[in-house]
Amino acid sequence: GVPLFFILSGFVITLTINRCKSPFVFLYRRFIRLYPTYWICLLITLIVIFVSDFKMFKLPTADILSNFTMFGELFGFTYVDGSYWSLLPELLFYLLMAFLMLFKKINNVLLYNVPILVICLIHYFWQIPFLWRLLNYVPLFMIGISFYYIYLGKKENHYHSLIILNLALSIFLYPKVRGDIYPITLYAISFTVFVALFYLFVYGKLKFLGNSKSLVFLGTVSYPLYLIHENIGFIIINYFDTYFEMRNFSIGVAIIISIVLAYIVTFYLEPPLKNIIKKLKINSNKYKVLALKK
């Protein structure tokens, strides 16, 4: 599912960039979108771990504090929840896009995607230190970017060629860097299905899905749902397994509780925190203006 998310992210982020006046506005909006919800879900996960007393999930204080930055893995710290691993590639991708915005090259996909493909190919054979956290997954983001321009009605064939090249590289690169034991044919099939779905989407063949209120709801709460589902879900399943010898029942309860928590975060906890952060920004801007006037 995460590779599909990376493709989707490449599409959506390009859409967002075209609505931002500067790379700084873009990064600020990404911060507002990611961090408040993440902090809330991180705290909920820490509380559940503490209450459940699952020793396997307990971490040193330094590791816990590093998680609030999302960049802890860069410095060797451990994630509070395993699902957080995908956030760092996402953040590094945002920084790459902001860099391209700074030089006004964001719409020239061919100009930057070809060098990225070459670098990723080199990385496949000789791992590039530090940058591997982005290079492992950036071809998937690039697929989403090309799909965005096809969605806009761009007729250039190079977008389709870039999708095929990025897809081929991802099929080989993703399983190698993830260290997965699954056969490469599984990645080839699943990644190709993801790309096929996107083709159906950009050419307007999936509009009927927008009429499903349940799918729209799950899409709305998907980010906090992703952040809380792993460790909390594991704890809930194991808790109910001690009382009921029905694994499917335990999994069902975990899914329901995770969705309810994601709903509460999305509609009741996240908005107030975002408003506080936005007000802090407005107030800081006022102080800057007053300082300049003086």
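1. Is the crossing of H8 and H9 left-handed or right-handed? The crossing of H8 and H9 is right-handed, where a crossing counts as right-handed if the near helix is turned clockwise from the far one by less than a right angle, and as left-handed if anticlockwise. Helices here are DSSP runs of H or I with at least four residues, numbered from the N terminus.

2. Some remarks on the basis of the note come next. This is a predicted model, in which local features need pLDDT of at least 70 and side-chain atom pairs count only at pLDDT 80 or more, whereas totals for chains, interfaces and linings use all residues. Residues are numbered from 1 along each chain as its sequence is written, and side-chain values use heavy atoms, with hydrogens and water left out.

3. The pair named at the start can be described further. The axes of helix H8 (residues 158–178) and helix H9 (residues 184–202) come within 9 Å and cross at roughly 150°, the axes being lines fitted to C-alpha atoms over the stretch in contact, and the angles running from 0 to 180 degrees between N-to-C directions. That makes H8 roughly antiparallel to H9, a word used for angles over 145 degrees, while those under 35 count as roughly parallel, 65 to 115 as roughly perpendicular and the rest as oblique.

4. On the H8 side, His-160, Ile-163, Leu-167, Ser-170, Ile-171, Phe-172, Tyr-174 and Pro-175 meet Ile-184, Tyr-187, Ala-188, Phe-191, Thr-192, Val-195 and Tyr-199 of H9, contact meaning heavy atoms within 4.5 Å. The residues of this contact of H8 with H9 divide into twelve nonpolar, three polar and no charged, where Ala, Val, Leu, Ile, Met, Phe, Trp, Tyr, Cys and Pro count as nonpolar, Asp, Glu, Lys and Arg as charged, and the others, Gly among them, as polar.

5. The contact is made from H1 by Pro-3, Phe-6, Ile-7, Ser-9, Gly-10, Phe-11, Thr-14 and Leu-15, and from H7 by Leu-140, Phe-141, Ile-143, Gly-144, Ile-145, Phe-147, Tyr-148, Tyr-149 and Tyr-151. The residues of the contact of H1 with H7 divide into 13 nonpolar, four polar and no charged, and H1 passes H7 in a right-handed crossing.

6. The largest nonpolar core has 79 residues, and those with the most contacts inside it are Phe-26, Phe-93, Met-97, Tyr-112 and Phe-147. Such a core is a set of buried Ala, Val, Leu, Ile, Met, Phe, Trp, Tyr and Cys residues joined through side-chain atoms within 4.5 Å; buried means under 20% relative accessible area, exposed over 50%, and partly exposed in between, with a 1.4 Å probe and protein chains only. Leaving aside its neighbours within four places in sequence, Met-97 is in contact with Ile-13, Ile-17, Phe-26, Ile-106, Tyr-112, Met-142 and Ile-145.

7. Phe-194 is found in helix H9 and, at 14% relative accessibility, counts as buried; leaving aside its neighbours within four places in sequence, Phe-194 is in contact with Pro-3, Leu-4 and Ile-7. Ile-189 also lies in helix H9, but is exposed, with a relative accessible area of 57%, and the C-alpha atoms of Ile-189 and Met-97, 92 residues apart along the chain, are separated by 29 Å.

8. Most residues other than glycine have a negative phi. Met-70, however, which sits in the loop between helix H3 (61–67) and helix H4 (87–102), has a positive phi near 75°, and Met-70 is buried, with a relative accessible area of 3%. Lys-104, in the loop between H4 and helix H5 (109–125), likewise has a positive phi, near 55°, but Lys-104 is exposed, with a relative accessible area of 74%.

9. Helix H12 (residues 247–293) holds Ile-264, which is partly exposed at a relative accessible area of 33%; the C-alpha atoms of Ile-264 and Pro-224, 40 residues apart along the chain, are separated by 9.5 Å. Gly-252 is in helix H12 as well and is partly exposed, with a relative accessible area of 26%, while Gly-252 and Met-101, 151 residues apart in sequence, are 44 Å apart in space, C-alpha to C-alpha.

Definitions and conventions. Helix = DSSP H or I, 4+ residues; strand = E, 2+ residues; numbered from the N terminus.
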